[in-house]
Amino acid sequence: MKKWLIPLLAALLLWRLLPSVPEESTEEVPVEVPDPSPDTAVIPALWQPAPPRVEEVRSEQEDSGKTISEEAAAPSGRDASERIRLLTPGGVITLSLRDYLIGVVAAEMPASFELEALKAQAVASRSCTLHNLRFGQSRHSEAEVCTSSACCQAYRSDEELRSRWGDNYAVYLDKITEAVDATDGLCLYYGEELIYAPYHSSSAGATEDSSAIWSAAPYLVSVESPETEALVPGYCVSVSFTEEELKEKLAASYPGLKEQPLLIGEISYTASGRVESVDLGGQKIPATRLRSLLALRSTSFTLEKVDGKYIFTTQGWGHGVGMSQYGAEALAMEGEDSASILSRYYQGTELRPFED
Ligand SMILES: [Zn+2]
C-alpha cells in the first residue's frame with residue numbers, strides 16, 4: 001500500500017467511527033430544493049429526495065412493467081457476478097453489484113441528469129463500494145453495505161423508485177440501468193490502487209483539496225468546477241442565529257464561549273476559497289466543525305452580524321471533495337463524456353475493470 005494512503009484511510013476510518021452529526025437543517029433548507037447527495041458514503045451526508053430537475057421528454061412512454069431484477073437479467077458482466085449483502089430496513093438481502101448500483105445511482109443522483117453524468121456517478125459509486133469491500137471497511141457485521149447515505153451510500157428499492165418516479169419509472173430505470181451497464185466493472189485506479197471516490201452535490205467555483213478536510217491524496221486536489229447558481233437549486237442558502245442560539249449550538253464543543261460576547265474575529269480560508277476557520281469570541285473554530293454543529297450546507301460561506309443576528313450564507317452543498325455532481329451535470333451538458341468528467345475530479349486516475 002502506498003505510504004500516503006495510510007493517513008487517508010486512517011482518517012476515513014476515524015470519521016466512520018464518529019457518531020453521525022445532525023446535518024439537516026429542516027428549518028432553513030427549503031424542502032422543495034432538488035439536490036443529489038451532498039456528501040458521500042463514509043462522510044455523514046444529507047440527502048433530500050429530488051423531484052426531476054428537467055422533465056424527461058420521453059416521459060410519455062408507457063411503463064414497461066419491468067423491475068430492477070428483470071432489467072438486471074440482461075448482461076452477465078463483472079457487476080452481475082459480484083454479490084453483495086445489503087442491510088435494508090426490512091433485513092439483509094443479497095443482490096448483485098449491478099442491482100445494488102442501479103439502486104444507488106438512482107438514489108444519489110436525479111435520473112433527469114445527463115447520461116454521461118449518471119455514468120460518472122456509477123463509476124464513483126462502484127469505486128466507493130469496491131474499495132470498502134476490498135479493504136474490509138464495512139461498518140456492518142451482517143452485511144457489506146446499508147441503504148443510508150449517512151453511513152454507506154443511499155439506495156432505493158424498486159418499490160421506492162416506482163413510487164418516486166411515477167409515470168417516469170420505465171424511462172428513468174432504463175436510463176440508470178444504461179449508466180451502470182455502460183460502465184460495467186469500471187473503477188477508478190491511481191496507479192495500482194483502487195481509490196475511494198468521494199463525491200458531493202455542488203461546489204462554489206472549485207472543489208476542495210482533501211488535505212483541507214481529511215488528509216492529502218494526490219487524486220483529490222482542488223479543481224475548477226463549472227456549476228453556477230443558474231444550474232443548482234438552492235446554490236446560496238442563508239441561515240441566521242441569535243447570539244444565544246449560536247452559543248447553545250456551540251456549547252457542547254466550546255463551553256467557554258457561553259460567558260463571552262461572540263465577536264467575529266479573523267476568518268481564514270483554504271486554497272480553494274472555502275473557510276478554514278473562524279475566530280468567534282476569541283476561539284478559533286475550524287469551519288468543518290462549524291458546519292457540523294450548525295448544519296451548514298458547506299464550508300464555503302460568508303458570516304456577518306446584522307441587527308444582532310449572525311448570518312451564514314453558504315454556497316454549494318457538501319464537503320466539496322472529489323466529484324461535484326452538479327459539476328458533472330454541467331460538464332455533461334457541455335458535451336463532456338463520463339471519462340473526461342472523472343479525470344477532472346479524480347486527477348491522475350485511470351478507469352479500469354475491478355479485479356476479483
Ligand atoms: Zn452502512
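**View 1. Buried residues across the whole chain.** A residue is called buried here if 20 or more other C-beta atoms lie within 10 Å of its own. By that count, buried residues make up 47% of the 356 residues in this predicted protein chain. The chain has 11 helices and 14 strands. Take the contacts between residues at least 6 apart in sequence: 71% of them join residues at least 24 apart.

**View 2. Helices H5 and H7 packed together.** Two packed helices are described by the angle between their axes and the distance between the axes. Here H5 (residues 115–134) and H7 (residues 169–182) pack at about 55 degrees, with axes 8 Å apart. That makes the pair oblique, and H5 passes H7 in a right-handed crossing. On the H5 side, the residues that meet H7 are Leu115, Leu118, Lys119 and Ala122. Their counterparts in H7 are Lys175, Ile176, Glu178, Ala179, Val180 and Ala182.

**View 3. Ile176 in the largest nonpolar core.** This core has 66 residues, and Val105 and Ile176 are the ones with the most contacts inside it. What does Ile176 touch, leaving aside its neighbours within four places in sequence? The list runs Ile102, Val105, Ala106, Ala111 and Leu118.

**View 4. The open sheet E8-E9-E10.** Three strands line up in that order, with antiparallel pairing. E8 (264–269) and E10 (283–286) are the edge strands: each has a single partner, so one side of each is left without a neighbour in the sheet. On average, neighbouring strands are turned by 20 degrees against each other, direction ignored. Strand E9 covers residues 275–280, and four bridges join E8 to this antiparallel partner.

**View 5. Tyr235, a buried loop residue.** Tyr235 sits in the loop between strand E6 (199–200) and strand E7 (236–242). Is Tyr235 buried or exposed? Tyr235 has 20 other C-beta atoms within 10 Å, so it counts as buried. Not counting residues up to four places away in sequence, Tyr235 touches Ser202, Glu229, Gln315 and Gly316. Thr314 is 79 residues from Tyr235 along the chain, yet their C-alpha atoms are separated by 7.8 Å.

Methods
Residues numbered from 1 in each chain as written. Predicted model: local features only at pLDDT ≥ 70, side-chain atom pairs only at ≥ 80, totals over all residues. Pairing = 2+ DSSP bridges. Helix = DSSP H or I, 4+ residues; strand = E, 2+ residues; numbered from the N terminus. Axes fitted to C-alpha atoms, helices over the stretch in contact; angles between N-to-C directions. Core = buried A, V, L, I, M, F, W, Y, C linked by C-beta atoms within 7 Å. Buried ≥ 20, exposed ≤ 12 C-beta atoms within 10 Å, placed from the backbone. Contact = placed C-beta atoms within 7 Å. Parallel < 35°, antiparallel > 145°, perpendicular 65-115°, else oblique. Left-handed = near helix turned anticlockwise from the far one by under 90°.
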